[in-house]
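Dear colleague,

I am passing on the structure below, and after it I set out what was found. Please read the notes with the structure open beside you.

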There are 4 protein chains.
Amino acid sequence: MRPKPFNPELESPESEYVVDLETGERWHRSFNRTLYADTDRSSVVYHSNYLRYFEMGRAALMREVGFPYREVEESGFVYPIVDLAIAFHSPLFYDDPMWIHTRPVELERVKVTFNYTITHGETGALVCTGHTRHCALNRSGKVTAVDPHTLEMWNSFQQGITR
Amino acid sequence: MRPKPFNPELESPESEYVVDLETGERWHRSFNRTLYADTDRSSVVYHSNYLRYFEMGRAALMREVGFPYREVEESGFVYPIVDLAIAFHSPLFYDDPMWIHTRPVELERVKVTFNYTITHGETGALVCTGHTRHCALNRSGKVTAVDPHTLEMWNSFQQGITR
Amino acid sequence: MRPKPFNPELESPESEYVVDLETGERWHRSFNRTLYADTDRSSVVYHSNYLRYFEMGRAALMREVGFPYREVEESGFVYPIVDLAIAFHSPLFYDDPMWIHTRPVELERVKVTFNYTITHGETGALVCTGHTRHCALNRSGKVTAVDPHTLEMWNSFQQGITR
Amino acid sequence: MRPKPFNPELESPESEYVVDLETGERWHRSFNRTLYADTDRSSVVYHSNYLRYFEMGRAALMREVGFPYREVEESGFVYPIVDLAIAFHSPLFYDDPMWIHTRPVELERVKVTFNYTITHGETGALVCTGHTRHCALNRSGKVTAVDPHTLEMWNSFQQGITR
């Protein structure tokens, strides 16, 4: 299946945000580079490592918006992943640069979902797309409503949309 | 969303196969135990490690059927994952035993898909379900038809179905 | 530097222990097989994964002796590693079987050290040797004397020495 | 054992190099932050992940000096680790910033050794020290003399020493 085209343009020269010219969607982006540790004997990045990259993207977005995930946990909540998916389009090799694009896409009463789009840092080639859906738990491990910090992160991101 | 019940029964006392009494589906199963290395600071297994468990299950199934994945690669093919998904139902903690159930579910001309169901090794609780879909590549990295070893693995597994 | 020869012989047919005929030392041994996830683009196991194998060996030894590390932690102690070292002699490749040999070698008032020797599961070739030294902490994170379970593990292992 | 004090001062405001005021030694430094994936159930970074951080430091140093390790491999050499060691002084927790200090310390005919010192990115606390020793292999896997790129990396680093 041919993936949807992804055509990101920086919001402004120093911005950490891009707008996808295909859809008008706003994405946070952060930079990373593959490690030798990430590759496997077929010379490409082993698939599970993309979940580390997704975590990097999610953490960078939340920090940028002013609510690092560490503070969410310190305030008494934890957000385990309840489902995830990844579709791979082209591999990353050793020492490849990448842009990790992250975007909060769905807010439910007790859950929040992030989408990810990773592109090659030089060629712009689409590497993979995916999502993680997280469920809010309180300190006793009970399902609970999404916490105020995460709601503010959500609102800040949405209000930043310029098109 | 409530997961479908999974009710595995061993085909015979020493068997590595179970039949799910809910669906009649046959699954290979293999045993594993979580490591300290697999856990994260919320005390449960970090989500990406379930992809290692899926690999363990897939490798054990292929070895059992007589076609270890190493031999598939030695014969000139490689099977990168083109998409995957996991749904998490209950966490595994440190040192927990688990059964990894694996089942080849779809054979396309150039792709093959495995389903996985992990259960707690003592309580039988459903831990997670998921799939990985793999695309056949030849030595030059071109998409190619599924190789003879994998076809035989597929056929052996299907012929083993007893109900 | 040429490594010391290692010449393990099973204590008895079903035993989980070997005696090194070179030194008379007793070692616990456990079996493992490398994963695709463990390899890197040079086709061999990435070096940090040997620390996972060491953890597997340590856990298997403690379980065998009757004091799983999980129970040590449940009784209020934690044993972070204070120093470690590995010397590599020959690589493991994908799907290689291995024997992980583990041996408690030094008991200090607040510390305990394990040695490890990994050999290829078929050829017997020496893969690597190493150690981890652990310091006992109590629930408040203070350095404390080695706990009773670990002392018993230590004594059980020593009393098992047959030569 | 009390570690040697480490007292790094930047060579200049924008520099990627520090000088340890205790010893006069020059070190390259790079920044990183711990991931949730890096932690374990005792809330600190699992020990094997420090080897990833060492790889990050080594890669950043080689890139900075103008000889990325990828180019070394492309020129026909590979540098597997023959021995390594780590001493841990204080733990890193989730989301902690760190400075990874890296320094090539020994050049043998067929081997090269790097030292590492990781400090907490805010407090400056000493986290761990360690080394990796690498052996040069050619394309056929034979031990060979250290390659010209690595020699230049070595010389560039040494010539940069200002005290």
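This is a predicted model: local features need pLDDT of at least 70, side-chain atom pairs count only at pLDDT 80 or more; totals for chains, interfaces and linings use all residues.

The copies C and D meet through the same surface, because 100% of the interface residues of chain D are also interface residues in chain C, where two residues are in contact if their C-beta atoms, placed from the backbone, lie within 7 Å. Residues are numbered from 1 along each chain as its sequence is written, and chains are lettered from A and ligands numbered from 1 in the order in which they are written.

**The contact of chains C and D**

To this contact chain D brings 17 residues, and chain C brings 17 residues. On the side of chain D that touches chain C, the elements giving two or more residues are α1 (49-65) and β4 (81-88) of chain D; here helices (H or I, at least four residues) and strands (E, at least two) are DSSP runs, numbered from the N terminus. The most is given by β4(D), with eight residues. Sorted by class, that side of chain D holds twelve nonpolar, three polar and two charged residues, with Ala, Val, Leu, Ile, Met, Phe, Trp, Tyr, Cys and Pro counted as nonpolar, Asp, Glu, Lys and Arg as charged, and the others, Gly among them, as polar.

Strand β5 (residues 81-88) of chain C is joined to β4(D) by five bridges, and the two run antiparallel; strands are said to pair if DSSP finds at least two bridges between them. Within β4(D), D:Ala85 is the bridge partner of C:Ala85.

**How the copies are related**

Two copies of a chain are related by a rotation about an axis and a shift along it.

**The fold, in chain A**

Chain A contains three helices and nine strands, and along the sequence they follow the pattern β-β-β-α-α-β-β-β-β-β-β-α. The radius of gyration of chain A, taken over C-alpha atoms, is 16 Å, close to the 15 Å that the globule rule gives for 163 residues, so chain A is as compact as a globular protein of that length; the rule is 2.2 Å times the number of residues to the power 0.38. Along the principal axes, the C-alpha atoms of chain A fill a box of roughly 45 × 40 × 30 Å. Of the 163 residues in chain A, 45% are buried, a residue being buried if 20 or more other C-beta atoms lie within 10 Å of its own, exposed if 12 or fewer, and partly exposed in between, with C-beta atoms placed from the backbone. Among the contacts in chain A with a separation of 6 or more, 63% are between residues 24 or more positions apart.

**Strands in chain B**

Strand β5 (residues 97-107) of chain B pairs with strand β6 (residues 111-120) of chain B in the antiparallel sense, over nine bridges, and a hairpin of three residues joins β5(B) to β6(B). B:Val112 in β6(B) is the bridge partner of B:Leu107. Nine bridges also join β6(B) to strand β7 (residues 126-135) of chain B, again antiparallel, with B:Thr132 in β7(B) as the bridge partner of B:Phe114. The hairpin of β6(B) and β7(B) has five residues between the strands, and in it B:Gly124 takes a positive phi near 80°.

**A loop residue in chain D**

D:Gly76 sits in the loop between α2 (69-74) and β4 of chain D, and D:Gly76 counts as exposed because it has 12 C-beta neighbours inside 10 Å. Leaving aside residues up to four places away in sequence, D:Gly76 touches D:Asn138 and D:Arg139.

With kind regards
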